[in-house]
Amino acid sequence: MAKTIKLLASDLDGTIIFNNQITTTDLKAVKKLKQNNVDFAICTGKTYSMTKDICDKLMPEYGIFGNGTQIINLKTKKEIIKNSLSNEQAKACIKIAKNQNLHIHLYTENTMIAEKTMKYMAYRNSILYKNQMQFKIVDSLERYIEEQKPNILKFVISGDKDLIHTKREIEERQNLTAIQIKKYGEYRDKIVGKDYEYLDIVPKNVTKYQALKQLCDYLNISLKETMTIGDNINDIDMIKHAGIGVAVGNSYEEVKKEAFYVSKNTVQTGAFAEAVDKFIKNGQ
């Protein structure tokens, strides 16, 4: 018997967005969700302010942002959940990153803050999202946090080396979650033109998967009534535990191994639409 899907949660970059573009085929698939009364949630590592243009195009009912730091009912624009880092936690992460000569920047709801040496993600995002959020360059992040006491949704550490040891140090010593994202080879970031990886530092037990469970509780549905689609390491748990978990064709192999279905198409050729057409039946 076919599963009835009540909520589809999709990653953005590498899943439904390529070079900040969405295919016409995928846009039609989003309309099919609405025609079949399936709620649509975007589930992204980006903050809400970075995705407003995309939300206007896709018109999802719900949004999971910052890898789970914030859940918003996009129909009412009301916040369902917010998880913030403490300023002390952020300062401890800055110390760890600087000791390892890694780049750091942080996000509040509407602003990205970095020091003068802008590399990797900070440089990339200052180009991509300059019309959607503010960018603040400061001499010292520690001093800025001490003086301004910002509400920090997430903290990003990036570098051109394997950050697994940094991840472990932060999680063990600071009781935080460090979500590792890789941008190597075919997944290389075309904007900065190099291989790198980064850590999204968020409060303990905050992940896309945990946020999806919280959204299901809010909607009074079970995880078995959800379909999830993604491509990167931070999508694995939500793909693994959903009723139907889909890895797009361009996913990392670690993601494909945990998926119920791997699309034949990639993000560039309509992988999202392929999954919707396969599992969302008209009139379900």
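Trainee: How many strands does the open sheet have, and in which order?

Mentor: Two strands pair if DSSP finds at least two bridges between them. Strands (E, at least two residues) and helices (H or I, at least four) are DSSP runs, numbered from the N terminus. Here the open sheet has six strands, ordered β8-β7-β6-β9-β11-β10, with mixed pairing. Mind that this is a predicted model: local features need pLDDT of at least 70, side-chain atom pairs count only at pLDDT 80 or more, and totals for chains, interfaces and linings use all residues. Numbering runs from 1 along each chain as its sequence is written, and side-chain values use heavy atoms, with hydrogens and water left out.

Trainee: Which strands stand at the edges?

Mentor: β8 (134-138) and β10 (176-183); each has a single partner strand, so one side of each is left without a neighbour in the sheet. For β10, strand β11 (residues 196-203) pairs with it in the antiparallel sense over eight bridges. Y198 in β11 is the bridge partner of I181.

Trainee: How do I read two packed helices, say α3 and α6?

Mentor: Packed helices are described by the angle between their axes and the distance between the axes. Axes are lines fitted to C-alpha atoms, for helices over the stretch in contact, with angles from 0 to 180 degrees between N-to-C directions. The axes of α3 (residues 87-99) and α6 come within 11 Å and cross at roughly 145 degrees.

Trainee: Which residues make the contact?

Mentor: Contact means heavy atoms within 4.5 Å. From α3 come Q89, A92, C93 and I96, and from α6 T166, E169, I170 and Q174. Helix α6 (residues 164-174) also lies across β9 (154-159), β10 and β11, running at about 170 degrees to β10.
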